[in-house]
Amino acid sequence: MIDQELITDRPPARAEHEPRFGWRIPTDGKPASFRVLINLRWLWAACLAALGLLAALSRIPRGRRLPLLLAGGVIPGAAALIVAVAQARQLIFERITVPVAGLPPALDGFTIVQLSDFHLGAAFTVANLRRAVAWTRQRQADLVVLTGDFVNDSHDVPLLHECLQGIEARYGVYAILGNHDYWTNSGAVERALTDHGIELLRNERRRIDIGGASLYLVGVDCVWEDQHDLELALSRIPVDATVVVLAHEPDIADEIAPYGPALQLSGHTHAGHFAVPLLGPLFLPRHGFRYFRGLQRVGPMWLYVSRGLGGLPFRLGCPPEATELTLRAARDE
């Protein structure tokens, strides 16, 4: 059981003078001073849609304006809201193949299940995590990794302890912390994880021996809270080793890639919560501006950014996910 006294031992609140929202990424290479980037394309699209609707209303008789307003604005908006509420509860099970150059034969077909961004607290987040854990047990993956942001508040830590019952993998379950874990109570979160035999990596690495080959698993601590130390985490690893890095915030990939890992697994962004073609993500958190979803290349390294399990109770175009990634030997081109 989790000690309730320890759970309520909250850390100091993060700085409140920072602007919550911003419109542009700094161009001088400095970190953003705001927490969340708002996509102006969404605002322009909303303004244009409103102007178009107003123009249409002005050209028809007053008695027919209400049906047009309902058909052109209210009904589509209500439908989009219903879909967004439903998609936040529509957990998708992704299966991703990652081609790795020089992958040892013993690691060809090695499977990793990634679960990220639980944000436990609301009922739908608990339901999503329980389904994800049940699916994880069914997949019998070689490795399970949890990439941060486990709870929204300290009093939700017992939910984490409860929902992780029975999670396991052949070569272990590993985790890293996210910014929300530091903003609530990182010590209580760590105890909830370790009570289930989950190893928390804080700028640490573990060598996992598999059939005569070795996989190095590296956990990078929270970038937002300036807890990361890439030199400590990634130094003294053999040059030809197969390395998988866990880093909650995806944009650190630009700094991790030169170390030569095969794969980085991240979360943090929730894919913007609202992300549709042409408009892209509605909003993205600091350290998640450049890489916000899916499998992509960053130099020689693969990066996979999970959409996560929780967050806001609304999603459109980016439903929550649990992910199984399979390492495969890359074919020679």
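Cys222 is buried, with a relative accessible area of 0%, whereas Cys47 is partly exposed at 41%. Here, buried means under 20% relative accessible area, exposed means over 50%, and partly exposed lies in between, using a 1.4 Å probe and protein chains only. This is a predicted model, in which local features need pLDDT of at least 70 and side-chain atom pairs count only at pLDDT 80 or more, while totals for chains, interfaces and linings use all residues. Residues are numbered from 1 along each chain as its sequence is written, and side-chain values use heavy atoms, leaving out hydrogens and water.

**The whole protein**

- The protein has nine helices and 17 strands; these are DSSP runs numbered from the N terminus, with helices being H or I of at least four residues and strands being E of at least two.
- Of its 333 residues, 50% count as buried.
- The accessible surface comes to about 15900 Å², and carbon and sulfur atoms hold 56% of that; the areas come from the Shrake-Rupley method with a 1.4 Å probe.
- Among contacts with a separation of 6 or more, 72% are between residues 24 or more positions apart, where contact means heavy atoms within 4.5 Å.
- There are zero disulfides in the structure, a disulfide being a pair of cysteine sulfur atoms within 2.5 Å.

**Strand S17 and its partners**

- Strand S17 covers residues 321-329, and seven of its nine residues are buried, so this strand is largely enclosed by the rest of the structure.
- Strand S3 (residues 92-100) runs parallel to S17, and nine bridges join the two; two strands pair if DSSP finds at least two bridges between them.
- Within that pairing, Ile96 has Leu325 in S17 as its bridge partner.
- Strand S4 (residues 111-115) pairs with S17 in the antiparallel sense, over four bridges.
- Here Thr111 stands opposite Thr326 in S17.

- Strands of a sheet pair through backbone hydrogen bonds, either parallel or antiparallel.
- Strand S9 (residues 213-220) and strand S10 (residues 242-247) run parallel, joined by six bridges.
- In this pair, Gly219 stands opposite Leu246 in S10.
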